[in-house]
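Reader: I should like to learn how to read several features of a protein model. May we take them one at a time, with the general idea before the case?

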Amino acid sequence: MKIQDIGIAARQASLTLGLASTVEKNQALQCMANAIRNQIQEILKANDEDMQIATQKQMPASFLDRLRLDKNRIHAMANSLDDIANLPDPIGTILASNARPNGLRIERVRVPIGVIAVIYESRPNVTADAAGLCLKSGNAVILRGGSESFHSSCAIVNALHDGIRQTSLPVTSVQMVPTADRAAIDELLQLDKYIDVIIPRGGMNLIDYISTHTRIPLFKHLAGNCHTYIHADADLQMAKNIVH
């Protein structure tokens, strides 16, 4: 499938997802979770292939650990989808409301964004997490994981699709770029007609590249220190003030 066709299919799916009920979305999430549990062996086999390639490339031990899946990590992915299903539905929440002098009431209400593209590095669990969070919030998602986790992510998406097929929602609610070719990212970044926002998840090099090669709005995190180490002789009140 061409990258543009993926964008078109995602846009169509978003129209259905945006009107889906909480029950429909939660049912899909639970079916997706069960499908992952039922396909553990297929996911492990795909992950072994990624691990062998990464090992041959002599990737660092920390990288291999992020890439590695086992039964516990796969069950954790499925459990995360169940947890997302149990979260309150954000869609329809009234954030603010006020009445005008003429009696007109104006409300600010949460609605889906539409189509979200998530571009991330080689953590296979992000495939399931991103798909689940987007579906819960009524958004279609296009996933593009790191090339080193390509086989693992494909196996996870296949399981997610099997789960969605058991529901009334379109299977194209969750799609993955079907190639590890980096050129596919550049094609994805040009789909401003179909993608409403991009979420890059990875290092600053990835985020900087995406920022300078697309007109699509981004949700991006920035680098920063999020740890405070407290020496045994430190002033604890001062340390608390620093944290706050």
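Reader: Is R215 buried or exposed?

Author: R215 is exposed, because its relative accessible area is 71%. Buried means under 20% relative accessible area, exposed means over 50%, and partly exposed lies in between (1.4 Å probe, protein chains only). This is a predicted model, in which local features need pLDDT of at least 70, side-chain atom pairs count only at pLDDT 80 or more, and totals for chains, interfaces and linings use all residues. Residues are numbered from 1 along each chain as its sequence is written, and side-chain values use heavy atoms, with hydrogens and water left out.

Reader: Which side chain does R215 meet in a salt bridge?

Author: Side chains of opposite charge can pair when their charged atoms come close. The criterion for a salt bridge is a side-chain nitrogen of Lys or Arg within 4 Å of a carboxyl oxygen of Asp or Glu. Here R215 meets D192, at 3.1 Å from N to O. The pair links distant parts of the chain, 23 residues apart: D192 is in the loop between helix 8 (183-188) and strand 6 (197-201), and R215 is in the loop between helix 9 (204-212) and helix 10 (236-243). Helices (H or I, at least four residues) and strands (E, at least two) are DSSP runs, numbered from the N terminus. D192 counts as partly exposed, at 37% relative accessibility.

Reader: How many salt bridges does the count come to?

Author: The count comes to seven salt bridges. One of them joins the side chains of K25 and D89, at 3.0 Å from N to O. This pair also links distant parts of the chain, with K25 in helix 2 and D89 in the loop between helix 5 and strand 1, 64 residues apart. Both K25 and D89 are buried.

Reader: Which residues are linked in a network of salt bridges?

Author: D65, R68 and R73 form such a network. D65 counts as partly exposed at 38% relative accessibility, and R68 is partly exposed at 36%.

Reader: Which residues of helix 3 are buried?

Author: The buried residues of helix 3 are I40, I43, L44, A46, N47, D50, M51 and A54. They lie on the same side of helix 3 because they cover an arc of only 165° around the axis; the arc is that of the directions from the helix axis to the C-beta atoms. On the other side, Q41, K45, Q52 and Q56 are exposed. The buried residues pack against helix 2 (22-38), helix 4 (61-67), helix 5 (71-86) and helix 7 (150-164), where contact means heavy atoms within 4.5 Å.

Reader: How many Å apart are the end C-alpha atoms of helix 3?

Author: The expected span of a helix is 1.5 Å times one less than its number of residues. For the 17 residues of helix 3 (residues 40-56) this gives 24 Å, and the end C-alpha atoms are 24 Å apart, which agrees.
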